[in-house]
Each structure stands twice: as C-alpha cells, then as structure tokens.
Amino acid sequence: MSNGIEDWFERQQTANQNRLDKCQNKRAFTSEAEARAHAASDRVQFGDRFTPYRCDICGDWHLTRSGS
Ligand SMILES: [Zn+2]
C-alpha cells in the first residue's frame, strides 16, 4: 500500500491550518449588525467595500474585502 492516505492527511492538516489562520487573523464580530457597522467605518477609513460573512469555523462574523 502506498502512503496515499498520509499524503491526504497532510493535505487536510494544511487546509485546516490555512482555514484557522484565515479565521484567527481576522477580527470577529458577534453579530451581523456589528460587522456591518465596522464595514461602514472601514469603508470610510480605507475606501474599500467590506462585506460581512458568517464564519463556519468560529461561528462569528468577519469582514471580507469585496469588489472594487
Ligand atoms: Zn472565524
């Protein structure tokens, strides 16, 4: 038997770590309303449009930069 399953496992670990990094490096908001309020002030401050989304890792809300 090859070590295919180990390769698969390693890929899963890496994918999970990337997901966690993506989540934990972001500010988290407990509600969509709170996230939207921060998105509005970020838009004024940075001039970019931010869209709130519900995180499927931590269950809180994050902002993602959207469009231009
Ligand atoms: Zn998250």
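The model is predicted. The chain has two helices and two strands, in the order α-α-β-β along the sequence. Its radius of gyration is 16 Å, against the value near 11 Å that a compact globule of 68 residues would have.

**Overall shape and packing**

- The C-alpha trace spans about 55 × 25 × 15 Å along its principal axes.
- Buried residues make up 9% of the 68 residues in the chain.
- Take the contacts with a separation of 6 or more: 40% of them are between residues 24 or more positions apart.

**Helices**

- Helix α1 runs over residues 4-24, which is 21 residues.
- From first C-alpha to last, α1 reaches 30 Å, close to the 30 Å expected at 1.5 Å a residue.
- Helix α1 is hardly covered, and its count of buried residues is zero.
- Helix α2 takes in residues 32-46, a run of 15 residues.
- The reach of α2 from first C-alpha to last is 20 Å, close to the expected 21 Å.

**Strands and hairpin**

- Strand β1 covers residues 50-54, and strand β2 covers residues 61-65.
- The two strands run antiparallel and are joined by five bridges.
- F50 stands opposite R65 in β2.
- In a regular strand, side chains alternate between the two faces of the sheet.
- Six residues lie between the strands of the β1 and β2 hairpin.
- Within this hairpin, G59 has a positive phi near 80°.

**T14, in helix α1**

- T14 belongs to helix α1.
- T14 has 10 other C-beta atoms within 10 Å, so it is exposed; the cut-off for exposed is 12 or fewer.
- T14 and T51 are 37 residues apart along the chain, and their C-alpha atoms are separated by 26 Å.

**F46, in helix α2**

- F46 is placed in helix α2.
- F46 counts as exposed because it has 10 C-beta neighbours inside 10 Å.
- F46 and G59 are 13 residues apart in sequence, with 26 Å between their C-alpha atoms.
- F46 and D60 are 14 residues apart in sequence, and 23 Å apart in space from C-alpha to C-alpha.

- D60 lies in the loop between β1 and β2.
- D60 is partly exposed because it has 16 other C-beta atoms within 10 Å; a residue needs 20 or more to be buried.
- Leaving out residues up to four places away in sequence, D60 touches A28, F29, T30 and C55.

Conventions
Residues are numbered from 1 along each chain as its sequence is written. This is a predicted model: local features need pLDDT of at least 70, side-chain atom pairs count only at pLDDT 80 or more; totals for chains, interfaces and linings use all residues. Two strands pair if DSSP finds at least two bridges between them. Helices (H or I, at least four residues) and strands (E, at least two) are DSSP runs, numbered from the N terminus. The expected span of a helix is 1.5 Å times one less than its number of residues. The radius of gyration is taken over C-alpha atoms; the globule rule is 2.2 Å times the number of residues to the power 0.38. Two residues are in contact if their C-beta atoms, placed from the backbone, lie within 7 Å.
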